[in-house]
Amino acid sequence: MRVTYLRNDVVASRDGTLHRILHIEVFDKAHGSPCALTGRAWLIHLTEPLALPFEVPLEQLHTEYKAHSPEPTVQQREASDLFQPKTKAFRRAPSAASIALSLKAYERISSLVDNPAILSPTTRHALLVERSKHAGGGTPKTLLKDLRNWWQGGQTQDALFGKYSLCGRHDVVGTGKRGRKRQAKGDLVGAGEAALQPYQLGQHDLDNMREVLEMYYFEKGKQRTLTATLQHLHETRYTFIDGNGDECLLPERECPSYRQLSRFLKTNYPLHVRLSRRKGEKRFAQEDRATEGSIQIECHGAGHIYEFDATIVDVKLVSTKDRSKIVGKPTLYLIIDRHSRLIVGHYIGFENACYTAAMQAILSIGEDKEALCERLGLPYDSADWPAHGVLPEMFLADQGELVSREARRIGMSLRSTISNVPGLRPDWKPLVECGFKMMQAIIAPDTPGYAPDAEARKRRSINVDKDVALNIFEFTAVIVAGIIAHNKTMQKGYPLTDAQVADRQRPIPRELFEHSVQRRMGSLDRMNFEKVREELLPRGEAVVTADGVSFKKMFFSCPEAREHGWLVQGRRQRMPIQVAFDYRLADEIILYSPNGSGESFVAKLTKDSVKFEGMSFKEVAQHFHDVEELTADAIEVKRQAQYEFHKQTKPIIEVAVKEMKSVTKGMSRSGRRRDIAPARAEELRGERTTLVDVFNTQAAVADGPRTAPQPSDTAKPMAKVISINQAHQAKSSNNEQAGTPTVAPFNNPHKPPLAARMAELRLRMQGNR
């Protein structure tokens, strides 16, 4: 079956060249072949710059030419060498000059394009000369050029548009003797015409600029200006050695200018390339990337994706016990449903952004909202909380607290997936990021103590410390009231679907969630608050000992542990046991039965660890850390004490051993043990006598300052310290000779001084030992 050709079809010859069919004339059936037709076709070469139409018999057209595939798309034509000369796609709409040029060319050849005689070489020249004689006809050469564009371009007026993209000197590298002259200022005044000519760029200048831009301007981690880059270019590429051997810069007129470097940068590095290389891929994607599409495309409906994040609120709070004390800014967690923009969970408190605070935010999804509003003094309406207890299919969070090991149990036990966006990409969870700004905008006007960091960093900014008045309880009421207000506010610009418009659904978060969740009832789960709380608590491993269950260096116990005999068993062999705990309070932990029965028991601090009541696990860890710091040098102190002990006792021991060996020389062991009892009794009497002398001496020393003689009565006698035997002898002699004094005067020259007597007593005690 023969191919049917039409006007403007493109055909390929046997050698591969492309031709366009300009006109086909069909006469009648060929003689002897009732199915064939005779005629002729006029073709023109597409890639030949001076091509003219030529005649081809219709039979030859079918035998020697074959149909070419349809013309490429715009993107393919831009890269095609075959179609680029005559059918290059416009990068933008044709300008007014191109349109005017096309209309003028069509006006010249409009009387010729429909005349088949213009295709024949025998009549073409006469027709061109005839048309050139009329007004506005132009020369035959101009007419032939317009006709050639008309035929090769598809015989439409678009083929006559001006080919301005092909203009210019494409073979010239650099500036090609072009550019604006310099102004005659400063050193250029009177320098001549040559000095005012612009610097002409060559290939080496282009290479220098490219190298400097790559190595200096686009250096990773640097934010250098183009002015500094130009200076670096001149200092490293355009210098000379003067007569003194010093390196100097070339004159400015002999170096590339700022405009030339700027044009080279913008011409060879598109804007998106410059921004991405200067800022980095992540920051470019966050701040400058094209924002095509919508986050709603990936969301199946209400409860599919909950966006999750935390921030520091720009409001300072006071202590709940003393309003005069400022305690700083709290942490705010928000959980927002992507489909409806509904705030489904929150946490406000002084915990830093951590897993504990994130756990509280997740638990708030199933918290008793009526009790919450009653506790905060707010009116309760169940319609304000349509997502109460509804768990999502996915939590979308950043690279923060939900990357921890404890967070894995959310996916295992709650049938919710945790998806973490890449770092530095808050635009992947835009609703919760904008939710923080929205909450700040709600509370900013009337909340005392509102102090954004941006204002605090300004010079002479207003200090709001005197205005801080709210405590954490009151501020929580403000945040919850703001959440309720947001959930009831119409979201202008929300992309309603056709189904939502047909159902007359208003873009209010609580209504959008209610409308969508009814259509997804079989895809979502409801939260069991106690089960979720148990699953979200962090886990750990404790050890059962005789003193209790040891966990984090504290001891816990419960009646069940004593009944099951765990503590008795722990006295013989320590037994590991799984526990769950709350980071915020160390008063109790949850014990899981080690026999695998799934039972759990609440254990409280024992008497040994009751001092940690009311403290968090972090504070307990800090306590033990401080204790370790205080006792860090315990080993060194012990070594020094042992050294001092040996230093003091070694001479005493050596003397005693030496004397013992000299006295017991030749004695047997039994001989040394023979007189143990009499020797012990004698030693005891000596010990008692020594102790009495020591006590009396200490009493005399203590009473000395009170009984010391004054200068006026130095002759007054003082009591003499004597032993017990001397006291008995003195008493018996007093009985015999009444009135005889029993004390010696204080200034007795024969009595040794007190220091000598004390030294004598010490020697006696050492000798008794």
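1. Asp 427 sits in the loop between strand E15 (417–420) and helix H16 (430–443), and Arg 289 in the loop between H12 and strand E8 (305–312), so the pair ties together parts that are 138 residues apart in sequence. Helices (H or I, at least four residues) and strands (E, at least two) are DSSP runs, numbered from the N terminus.

2. Buried means under 20%, exposed over 50%, and partly exposed in between (1.4 Å probe, protein chains only).

3. A note on the basis: this is a predicted model, where local features need pLDDT of at least 70 and side-chain atom pairs count only at pLDDT 80 or more, while totals for chains, interfaces and linings use all residues. Residues are numbered from 1 along each chain as its sequence is written, and side-chain values use heavy atoms, leaving out hydrogens and water.

4. Within helix H12 (residues 281–287), Glu 287 and Arg 283 are four residues apart, so about one helical turn separates them. They form a salt bridge with closest N and O atoms 3.3 Å apart. Glu 287 is partly exposed at 43%, and Arg 283 is partly exposed at 40%.

5. Arg 283 and Glu 287 also belong to a salt-bridge network with Lys 279 and Asp 288. The structure holds 26 salt bridges.

Methods:
Salt bridge = Lys/Arg side-chain N within 4 Å of Asp/Glu carboxyl O.
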